[in-house]
Amino acid sequence: MRMRGEIVGYKEEEDYKTEEEEEEREMVGGGLPESKFVVVGYALTSKKVKSFLQPKLEGLARSKGILFVAIDQSKSLSDQGPFDIVLHKLSGTKWRRILEEYRLTHPDVTVLDPPDAIQQVYNRQYMLEDVADLNLSDTYGKVGVPRQLVIEKDSSSIPDAVGKADLRLPIVAKPLAAKSHELSLAYDKFSLQMLEPPLVLQEFINHGGILFKVYIVGEAVKVVRRFSLPDISKRELAKNPGVFRFPRVSCAAASADEADLDPSVGELPPRPLLEKLAKELRRRLGLRLFNLDIIRELGTKDRYYVIDINYFPGYGKMPEYEHIFTDFLLSLVKQKQ
């Protein structure tokens, strides 16, 4: 025969379990109620969505309490959300204006990154100015930029302009707009007039055919090796006149991380140097999502050059990007609490 107290106790326990189960059903994302998710609105090209928003990233993000929500560009941005973070990589004056207005009216939302700051690294005339002004030099090494010249028009004037600027051959030619990754290599002065402005001309620096891609996600810094253009000797310069075009030099398929490299060529730049460089450029550029293409001058141990800066690069090619990126997003929310 059951006592009344036992029956009541059992009912209380049953109610407790029911409430607990209900609460558990409402809890998602690593213990966060759905209403408390960190909502990241994204406005990305279809290509960027495919490479960046991979299932593994979205799954890990959800387990950490982060939801990625596509922004509908046909609707008012203010009518969507609410967002905690806006992640974007779209071009066009109209989009920049929309985003700037949104930042003013929604100061509590973190926009990655400010449109005006992004524009600077989209133009190779100004892209490397902050690196040059920084003139970073310490016990770990020296970081600079190649000597360069901007040509806006009139290809016939290029040989004289290169001569006056005293740039050494061979010359790397890159489109002025950094949205294109194509480049050309001009071996002789006569061939320079075959180039098509507007472009930036940089002195080519022998670097052992290895480039260091330094990914920056907030305060996190990750570096990988990529194969690059091979070194060029004076003999090759004399034998190979003309302009050679390369659609894209560095990509994930050209990874050199597993290659058997001469230590003088393959050794990664010192971590303290990269962290100092990343910290200074985050502050100067006003960006938190970018990467640096860095080379080490052949025959030196500590002479480095930044040859390109890319905003919101292909993070899908960066090892462990899912963990690094989700931790970064959570840190942005914690900073506001």
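The legends below describe an overview and close-up views of a predicted model.

**Figure 1. Overview of the protein chain in the predicted model.** The chain has 337 residues, 43% of which count as buried. Its secondary structure consists of 11 helices and 17 strands. Among contacts with a separation of 6 or more, 71% join residues 24 or more positions apart. The accessible surface is about 18400 Å², and carbon and sulfur atoms contribute 51% of that area.

**Figure 2. Helix H3 and the elements it packs against.** H3 spans residues 55-63, and its buried residues are Leu-57, Leu-60 and Ala-61. These residues lie on the same side of H3, because they cover an arc of only 100° around the axis. They pack against helix H2 (46-52), strand E4 (66-70) and helix H11 (321-336).

**Figure 3. Helix H7, with its buried side and the face turned away from it.** Within H7 (residues 158-165), the buried residues are Ile-158, Pro-159 and Val-162. Viewed down the axis of H7, they fall within an arc of 100° and so line one face of the helix. Asp-160 and Lys-164 are exposed and sit on the face turned away from the buried side. The buried residues of H7 pack against two strands, E9 (148-151) and E12 (199-203). Asp-166 follows H7 and has a positive phi, near 60°.

**Figure 4. Strand E9 and its pairing with E12.** The two strands are antiparallel and pair over four bridges. Val-150 stands opposite Val-200 of E12. In a regular strand, side chains alternate between the two faces of the sheet. On E9, Leu-149 and Ile-151 form the covered face, while Gln-148 and Val-150 form the uncovered one. Both E9 and E12 also receive the buried residues of H7.

**Figure 5. Ser-228 and its polar contact with His-207.** Ser-228 is located in the loop that runs between strand E14 (220-227) and helix H8 (234-239). Its relative accessibility is 17%, so Ser-228 counts as buried, the cut-off being under 20%. The side chain of Ser-228 makes a polar contact with the side chain of His-207 at 2.9 Å.

Definitions and conventions: Residues are numbered from 1 along each chain as its sequence is written. This is a predicted model: local features need pLDDT of at least 70, side-chain atom pairs count only at pLDDT 80 or more; totals for chains, interfaces and linings use all residues. Side-chain values use heavy atoms; hydrogens and water are left out. Buried means under 20% relative accessible area, exposed over 50%, partly exposed in between (1.4 Å probe, protein chains only). A polar contact is a pair of N or O atoms within 3.5 Å; within protein, one must be able to donate a hydrogen and the other to accept it, and residues adjacent in sequence count only if both atoms are side-chain atoms. The arc is that of the directions from the helix axis to the C-beta atoms. Contact means heavy atoms within 4.5 Å. Accessible areas come from the Shrake-Rupley method with a 1.4 Å probe; for residues, only the protein chains shown count as cover. Two strands pair if DSSP finds at least two bridges between them.
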